[in-house]
Amino acid sequence: MSVRSGLLAVLTLGPAYGLQLHAEFTGRAPHRGPVNVGQVYGTLERLSKQNLVEPAGTTDDGLPMHRLTEAGRDEAACWMHEPLLESLPEWTEMLDQVLVTSSIDSPAAEGLAESFRRWWEADLAGTRVAASADTLPVDARLALVAREAQGVAAIAWLGAAIATLSDYDAFRGPSEVRPRRGRKRAGYLA
């Protein structure tokens with residue numbers, strides 16, 4: 001879900017072509033492993049079928065550009081302002097949401113981080129109570145200890161993110177560097 005939502009968020013900056021979206025998303029989510037450019041194109045196709053993205057012409061060299069529809073703008077805004085908290089937040093999803101949003105809308109990212117931190121603080125309190133039960137099997141107790149460690153780490157990271165975001169505006173417009181396409185020719189030196 002993060003790549004999908006992250007691409008929508010990046011498109012709030014304006015129309016872009018597939019490889020450009022790939023470069024913008026991966027540059028704004030440096031904590032992630034590599035995202036396959038094919039995943040970006042497949043996601044754009046699905047977003048188009050869901051009427052969240054539409055064609056926006058082509059670049060000078062014929063690359064198809066994409067832009068958000070009104071529904072796409074609404075979904076991107078929701079993702080950048082509402083933390084995904086139905087259950088235990090998935091670490092990479094949480095980082096994607098805060099980091100990508102921080103590069104587009106710092107105040108919204110600070111709000112996201114605050115909401116995530118409050119959730120983790122409440123969860124941590126409940127986890128500590130549950131872990132103190134003497135009747136728990138060892139595997140259940142270890143799972144709760146792991147969740148507690150994750151909560152402590154999340155709260156620490158989110159606190160640092162909030163402090164950093166309150167100190168400066170992290171907005172970053174689209175890169176002026178055009179991503180390269182294709183493979184290097186044989187004998188080509190970088």
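Helices here are DSSP runs of H or I with at least four residues, and strands are E runs of at least two, numbered from the N terminus. On that basis I find seven helices and three strands in the chain.

I am working from a predicted model, where local features need pLDDT of at least 70, side-chain atom pairs count only at pLDDT 80 or more, and totals for chains, interfaces and linings use all residues. Residues are numbered from 1 along each chain as its sequence is written, and side-chain values use heavy atoms, without hydrogens or water.

**Whole chain.** I read the order of elements from the N terminus as α-β-α-α-β-β-α-α-α-α. The C-alpha trace spans about 65 × 40 × 35 Å along its principal axes. I looked up burial next (buried: under 20% relative accessible area, 1.4 Å probe, protein chains only). Of the 190 residues, 38% are buried. For contacts (heavy atoms within 4.5 Å), I took pairs at least 6 apart in sequence; 64% of these join residues at least 24 apart.

**Charges.** The chain has 19 positive and 24 negative side chains. The centres of the two sets lie 10 Å apart, with each charge placed at NZ of Lys, CZ of Arg, CG of Asp or CD of Glu.

**His22.** I located His22 in helix H2, residues 18-28. Its relative accessible area is 17%, so His22 is buried. Its side chain reaches the backbone oxygen of Val35 at 2.6 Å. Beyond neighbours within four places in sequence, I find His22 in contact with Val35, Asn36, Val37 and Val40.

Conventions:
Buried means under 20% relative accessible area, exposed over 50%, partly exposed in between (1.4 Å probe, protein chains only). A polar contact is a pair of N or O atoms within 3.5 Å; within protein, one must be able to donate a hydrogen and the other to accept it, and residues adjacent in sequence count only if both atoms are side-chain atoms. Lys and Arg count as positive and Asp and Glu as negative; His and the chain ends are not counted.
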